[in-house]
Structure formats: C-alpha cells, structure tokens
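Colleague: Could you walk me through this one? I am still learning how to read a structure.

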Amino acid sequence: MKKASGHLAAKIEDIVATTPVDDIHTHLYAPIFGELLLWGIDDLIVYHYLVAEAFRYLSIPYDDFWKLSKTQQAELIWKELFIKHSPISEACRGVLTTLNRLGLDVKKRDLPVLRDWFAKWRADDYTTHCMELAKVRSICTTNSPFDDAERAIWERGWKRDPRFKPALRIDPLLLSWDQAGPRLVQWGYKVKPELGAKTVSEVRRFLADWTDRMAPEYLMVSLPPDTVYPDETISSQLIEKAILPHCREFNLPFAVMPGVRRAVNPHLQLAGDGVGLSNLTALQNLCAANPQNKFLCTILARENQHELCVLARKFRNLHIFGCWWFTNIPTLVEEITRMRLELLGLSFTAQHSDARVLDQIIYKWDHSREVITRVLVQKYEALERSGWNTSPEEIRRDIQGLFGGSYREFQALKL
Ligand code: FIX
Ligand code: ZN
C-alpha cells in the first residue's frame with residue numbers, strides 16, 4: 001500500500017490553520033453592547049466550565065463563593081485549578097493557549113501582571129485582535145428579547161457591525177410559557193394562557209417584530225433530553241403553530257440543541273447544568289413532517305451523535321453543526337468529526353465555539369483546528385491510498401465548506 005507523503009499532511013495543516021471560519025453559535029456580543037461583551041483575564045477564569053471544575057476541589061459554601069467579587073472568584077479558581085493542581089483539563093488548557101497566543105508569559109503565573117496587560121485594551125480593538133488571531137471572520141451571537149439588558153439596546157437600535165450576526169433565542173417562549181406569556185402581554189401582545197388562534201397570531205407578530213428588528217440568522221432553542229414532538233404540550237403546540245410557520249415565512253432555520261438538563265445542581269448557577277440522552281424521534285418527526293422547514297442541530301450527549309448523523313443522511317432539511325459544551329473536548333471532537341465525515345462527507349459544519357468570553361475564540365478554534373487537521377489528514381491520506389489525488393484547491397474548498405461554506409449553502413437552500 002502506497003504511504004501518503006508528509007507533504008500532503010503539511011498542506012492540510014496549513015489550509016486548516018489559515019482558512020477563516022464563520023463561528024455559527026456563540027454567546028458573545030458586538031462591542032456596542034458594552035458590558036454584555038465579556039473579555040479579559042477575570043472573565044476567562046470565572047467561565048462556568050472552570051467554576052464547575054474548581055468546585056471539584058473547593059469546600060467553601062456555594063453562597064459564599066457567589067458573594068465574592070469577580071476578581072476574588074477568579075483568584076480562588078486560579079489558585080485551585082492553576083497553582084494547586086496542573087491545569088490539564090480542556091477548559092484550563094484553553095486559558096493558557098489563549099494567553100500564550102496573546103503573547104503573554106504564562107509560566108510566570110502572575111495574575112496581577114496579566115490583569116495589567118488586559119487593562120490597556122479597548123473592547124473594539126481587542127475584538128478585532130482576537131478575531132484576527134483566531135481567524136474568525138464572523139460571529140453569530142445569541143440574542144434574547146427576554147433578556148432585559150439586551151432588549152433595551154435592540155429597541156434603541158444602532159449601526160450594525162457586519163462581523164456580528166444575531167440569532168433569535170426563544171427558550172423562555174418554548175420552555176416557560178407561564179412566565180413568557182405575561183411578558184408578551186406587558187409588551188403589547190394580546191396573548192392568553194391557552195393557545196387559541198388569536199394568541200398564536202400574536203406570538204407570530206412578536207416573532208415577526210423581533211425578526212424585523214434583529215434580522216437573525218436563525219431561531220434557536222436548547223432543549224431538555226425528554227422533549228417529545230408532536231404532543232399536547234404548549235411547547236410542542238407553539239413549535240407547530242407559531243415557530244415553524246414563522247420560519248417558513250421568513251426562510252429562517254430553526255436551530256435545536258437537545259440534551260441539556262438545566263440546573264442539575266442549582267447551587268452552581270450557570271455551571272450547574274448537565275447532560276442527558278435525547279430521544280431523537282422528536283427531531284425526526286420535525287424534519288419528516290416539515291420538509292419546507294430547515295433545521296440546524298447540535299446535540300449534547302455523546303451517545304446521540306451517531307443517530308444524529310444517520311438522521312442527517314435521511315433529511316436534507318437538517319444541517320448538523322459543532323461539538324457542543326461537554327463534547328468540545330479533543331477526544332470527542334475527534335471521534336465526532338471522524339464519524340460525521342464518514343457518514344456525511346463534507347455536508348456539515350465541523351465546529352462552533354459556543355464562546356461566552358471573547359478571548360475564548362482563540363483557544364476554542366486553535367484546539368479544534370488541531371483535531372480537525374488530524375482527522376482530515378487521515379481521510380485525505382486514505383483517499384490517496386485508493387488512488388485519488390486531491391489538489392490543494394480542492395482541499396481548501398472542502399475545508400471552507402466545513403468552516404462555514406456548507407452552512408451558508410444550507411441557508412441559501414430553497415425547499
Ligand atoms: O444553551 C446554550 O446555548 C448553551 O451553550 C449554554 O446554555 C451553556 O451555558 C454554554 O455556555 C455551553 O457552552
Ligand atoms: Zn450555546
């Protein structure tokens with residue numbers, strides 16, 4: 001059997017490292033949103049992934065931790081996860097990769113010096129700097145009309161930064177109608193607790209108003225693992241009667257992220273969510289019953305990944321993307337990316353960052369590119385052994401597809 005040349009591997013590594021990405025799901029904000037855009041050393045360290053890990057060691061009462069200032073929390077986490085133990089976990093290593101790529105000397109382990117360095121930056125210059133370092137071309141944000149802080153900014157309006165692309169997040173509407181309904185009433189939409197025709201049309205008016213205001217890329221919800229569709233719940237009815245017709249009218253995909261068990265340990269706040277195995281029959285039913293709707297999906301449980309790939313083989317109105325949260329670790333990114341390539345070829349989006357802190361795009365994309373390179377080298381070498389030559393232009397085309405091109409083609413698809 002002919003051995004692949006080291007030349008091919010080097011070429012792939014170079015193309016993966018230099019191809020710009022469209023980051024299609026994050027929790028970041030454009031700089032105009034002020035303090036809502038998190039960045040800098042303290043936010044990197046108090047990231048909820050690290051809070052969860054620190055509490056593996058910390059014995060202080062949860063409430064005492066939450067009463068501390070951000071700086072104090074960061075100091076506690078830094079001491080526990082970086083000084084008293086080696087920072088081996090993916091989230092810890094991420095902080096170091098980020099600082100290292102920003103040109104900071106992590107060996108010194110000196111938090112005040114790091115703080116001084118960050119203090120010199122302004123958010124808008126720093127945004128450009130991080131996006132350049134990470135080779136991220138555009139950032140899709142998560143925007144909720146139910147979030148009081150950001151709603152006010154949307155209502156005021158501003159000149160758009162074209163690098164930031166909003167997504168309309170609707171979790172409260174679908175998952176806590178009891179509270180979302182009264183808020184809609186407060187905002188002038190005549191909805192009732194039961195979903196009569198008038199209420200449905202008012203929910204659609206609400207969605208249309210926010211779609212006009214935001215011009216979102218898609219509508220999005222994270223779903224608990226036990227979600228069933230269709231059924232008699234308000235959530236299922238809202239999807240069928242309001243969300244899906246709205247998405248068809250505005251040609252917007254509906255993005256679902258199944259598998260999150262919220263507040264498994266509420267004392268950990270944002271860090272307290274867990275994972276569960278989803279019943280993908282709900283997604284299958286959505287795709288099958290609504291061929292004119294487009295669905296984006298990333299799923300949280302490792303055990304659901306294979307079934308999700310098979311579903312994507314069956315439904316062209318389903319586009320799968322990214323390795324999310326607990327699956328965004330090298331072991332699983334490698335396994336999932338290989339599985340997707342083997343079952344779907346190149347018709348998926350390899351990764352999104354899910355970053356909550358701007359600087360994280362540096363490590364999340366660096367680490368992902370490293371793993372994706374490893375998998376692609378194996379795949380193109382295997383093609384070479386089968387007698388197929390792939391030109392650098394073809395490899396670049398393929399990687400552009402995995403890094404946003406395939407998503408854009410899906411967006412452009414007319415069903
Ligand atoms: O629902 C989501 O979009 C999740 O990404 C978040 O809920 C989660 O807290 C997170 O940041 C995961 O990376
Ligand atoms: Zn997210």
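Predicted model: local features only at pLDDT ≥ 70, side-chain atom pairs only at ≥ 80, totals over all residues.

Colleague: Fine, start with the metal: which residues coordinate the zinc ion (ligand 2)?

Modeller: The zinc ion (ligand 2) is held by His-25 and His-27, each through its NE2 atom, and by Asp-354 through OD, at 2.0 to 2.2 Å.

Colleague: And what spacing do those donors follow along the chain?

Modeller: The spacing is H-x1-H-x326-D.

Colleague: Are His-27 and Asp-354 buried or exposed?

Modeller: Both His-27 and Asp-354 are buried.

Colleague: Switching to loops, where is Pro-20?

Modeller: Pro-20 lies in the loop between helix H1 (6-18) and S1, and its relative accessibility is 36%, so Pro-20 counts as partly exposed.

Colleague: What is Pro-20 in contact with, leaving aside neighbours within four places in sequence?

Modeller: With those neighbours left aside, Pro-20 is in contact with Lys-135, Arg-137 and Phe-403. The C-alpha atom of Pro-20 is also 9.1 Å from that of Glu-132, although these two residues are 112 residues apart along the chain.

Colleague: Now Leu-36, where is that found?

Modeller: Leu-36 is in the loop between S1 and H2, and it counts as partly exposed because its relative accessibility is 23%. Apart from neighbours within four places in sequence, Leu-36 is in contact with Tyr-29, Ala-149, Glu-150 and Ile-153.

Colleague: On to the helices, how do you describe two packed helices?

Modeller: Two packed helices are described by the angle between their axes and by the distance between those axes.

Colleague: Then at what angle do H5 and H7 pack?

Modeller: Helix H5 (residues 70-83) and helix H7 (residues 111-119) pack at about 135°, with their axes 12 Å apart, and this angle makes H5 oblique to H7. Their crossing is right-handed. In the contact, Thr-71, Ala-74, Glu-75 and Trp-78 of H5 meet Leu-111, Leu-114 and Arg-115 of H7, a set that divides into four nonpolar, one polar and two charged residues.

Colleague: And what about H15 and H16, how do their axes cross?

Modeller: The axes of helix H15 (residues 305-314) and H16 cross at roughly 25° and come within 10 Å, which means that H15 is roughly parallel to H16. H15 passes H16 in a right-handed crossing. Among the residues that meet there are His-306 and Cys-309 in H15 and Met-339 and Leu-343 in H16, and the whole contact divides into six nonpolar, two polar and two charged residues.

Colleague: Last pair: how far apart are the axes of H17 and H18?

Modeller: The axes of H17 and helix H18 (residues 392-412) are 13 Å apart, at an angle of about 135°, so H17 is oblique to H18. Trp-365, Arg-369, Ile-372, Leu-376 and Tyr-380 in H17 meet Ile-395, Asp-398, Ile-399, Leu-402 and Phe-403 in H18, and these residues divide into eight nonpolar, no polar and two charged.

Methods:
Residues numbered from 1 in each chain as written. Chains lettered and ligands numbered in written order. Heavy atoms only, no water. Axes fitted to C-alpha atoms, helices over the stretch in contact; angles between N-to-C directions. Helix = DSSP H or I, 4+ residues; strand = E, 2+ residues; numbered from the N terminus. Parallel < 35°, antiparallel > 145°, perpendicular 65-115°, else oblique. Left-handed = near helix turned anticlockwise from the far one by under 90°. Contact = heavy atoms within 4.5 Å. Nonpolar A, V, L, I, M, F, W, Y, C, P; charged D, E, K, R; others polar. Donors = N, O, S within 2.8 Å, 3.2 Å for Na, K, Ca; no water. Buried < 20%, exposed > 50% of the residue type's maximum accessible area, 1.4 Å probe, protein only.
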